[in-house]
Amino acid sequence: MKNYSKLIVIFLIFFISAGEFFISCKNNGINDANTEMNEAFDQKSDCLDSSIDISEFSESGDNTQQEDFYTGAFCGPNCRQITFRDVGVYKIWENIIVYGEYPTEDIYIIDLTTGQETFITSCKDEEYEGCADATIYKNYIYYFRRNREPPYKQCDLWRYNILTREKEIIHTIRSEYYFGILTDLNANDNYVLWADDRNAEINRYAWELYLLNLSTGEESRLTNGSECMAFDVRMWKNKVVFTERRGGDHEIILYDIEKNTFTNISNNIYDQYQPAIWEDRVVWIDSRTEQSQGVGSYYNPHNPDVYFKQIEGELVAVETEGSIQRNPDIFGNLIVWDDERNDDTPNTYDTHIDLRSEVFVYDISTGEKIMITQYKDKTGGEEPRIWENRIFFLGRDKNNTITLFMYEL
Ligand SMILES: [Ca+2]
Ligand SMILES: [Ca+2]
Ligand SMILES: [Ca+2]
């Protein structure tokens, strides 16, 4: 689902349910990579010489705009536009990006090694009403399509093989009611994971987590929807992190697929949300400071901050600057987020993808912090993600399209 509509639904849900009482719910190997990350930071001035030649970028079937890829006045010479389409949700695996176009929801991939952009599927046709967020793991793209008949009550999970270009339905899910939210799709070698609201009518809009075993085809529900709501789901290898609303606040929960265990990573009376994970490192947005001062929360961000924790490690406040920080991601030693410090309303969350924020990157090992966008003409960056030394984010191009940019450290 496109994030605009998703967010509206989320706020409607929270408004509707704000007065309700929610009872509580159930409940190392980084060093070499770190060295490479540090070197990447040190070599950032050389990045223009790195692997991608912008002249190689092309759009399948249409190369007419090839010369017009935008280096982005708001993000400097190490930064470039990597598609012309209006991008909604996107994910990365190594050199491949998968994204859903707005508003069609059609799914494309971009191969950063060749610049080739490939159409994967349309979303609206006689059989299907639309798609939910796509994800990528190794050579596979996964995406849900919502069937027209019966409306919204059935979704097919498709898998596309990047190497053979073949696609197939691997699973079908049904609801007695409808699928209002079906999101946060993740995959690894053995499982596909997502959140949906198939029991929403029973549990007042509860999202629950579902895990599909790819070898057996068996689907299992991980969360107890009568008592909680789970969302913001991210997976790295066999570890899953998600936000769980419980007992009036939000926590970051770690689920270990192999051990089948749930661990409360944040364990704090205030709101924690939007987790991301790499290996045993978890980063999230934390409202403990603003809420202890009585001026904000998950529902009404005023001054949330970025926090980090290794699963067995100490809690670290990564960014506590006095404006709104959101949308963290992590890879190796590097943490990225977007940050409203240069917006004229730095303590008011305006609308989703309004591009009023800067994108920051922070190196855990050195403490070095870089602001990679320069918010000007009401355009900065939003929703960053990182893979090795490449930072991706949504920005506005010179044709006023909200699309995807890549910054190389
Ligand atoms: Ca909490
Ligand atoms: Ca803050
Ligand atoms: Ca603002």
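Predicted model: local features only at pLDDT ≥ 70, side-chain atom pairs only at ≥ 80, totals over all residues.
1. As to overall composition, the protein contains four helices and 30 strands. It has 409 residues, of which 46% count as buried.

2. The sheet described in the opening point may be followed strand by strand. Strand 24 is joined to strand 25 by five bridges, and the two run antiparallel. Within this pair, Ile330 stands opposite Ile335 of strand 25. Strand 25, residues 334-339, in turn pairs with strand 26 in the antiparallel sense, over six bridges. Ile335 has a bridge partner there as well, namely Tyr362 in strand 26.

3. Strand 26 deserves a point of its own. The strand covers residues 358-363, and six of its six residues are buried, so the rest of the structure largely encloses it. Burial here applies to both faces: Glu358, Phe360 and Tyr362 point one way, Val359, Val361 and Asp363 point the other way, and all are buried. Tyr362, the bridge partner of Ile335, therefore belongs to a strand that is largely enclosed by the rest of the structure.

4. On the side of strand 27, residues 369-371, strand 26 is held in an antiparallel pairing of three bridges. Phe360 stands opposite Met371 of strand 27. The two strands form a hairpin with five residues between them, and in its turn Gly367 has a positive phi of about 80°.

5. Strand 3, residues 87-93, pairs with strand 4 over five bridges in the antiparallel sense. Trp93 stands opposite Ile96 in strand 4. The hairpin of these strands has two residues between them, and Glu94 takes a positive phi near 50°.

6. Strand 4, residues 96-101, is mostly covered, with five of its six residues buried. Its pairing with strand 5, residues 107-111, is antiparallel and rests on five bridges. The bridge partner of Val98 in strand 5 is Ile109. Strand 4 and strand 5 also form a hairpin, with five residues between them, and Glu105 in this turn has a positive phi of about 70°.

7. Another open sheet consists of four strands in the order 2-30-29-28, with antiparallel pairing. Strand 2, residues 79-81, and strand 28, residues 382-387, are the edge strands, each pairing on one side only. Phe392 has Met406 of strand 30 as its bridge partner.

Note on methods: Residues numbered from 1 in each chain as written. Chains lettered and ligands numbered in written order. Buried ≥ 20, exposed ≤ 12 C-beta atoms within 10 Å, placed from the backbone. Pairing = 2+ DSSP bridges.
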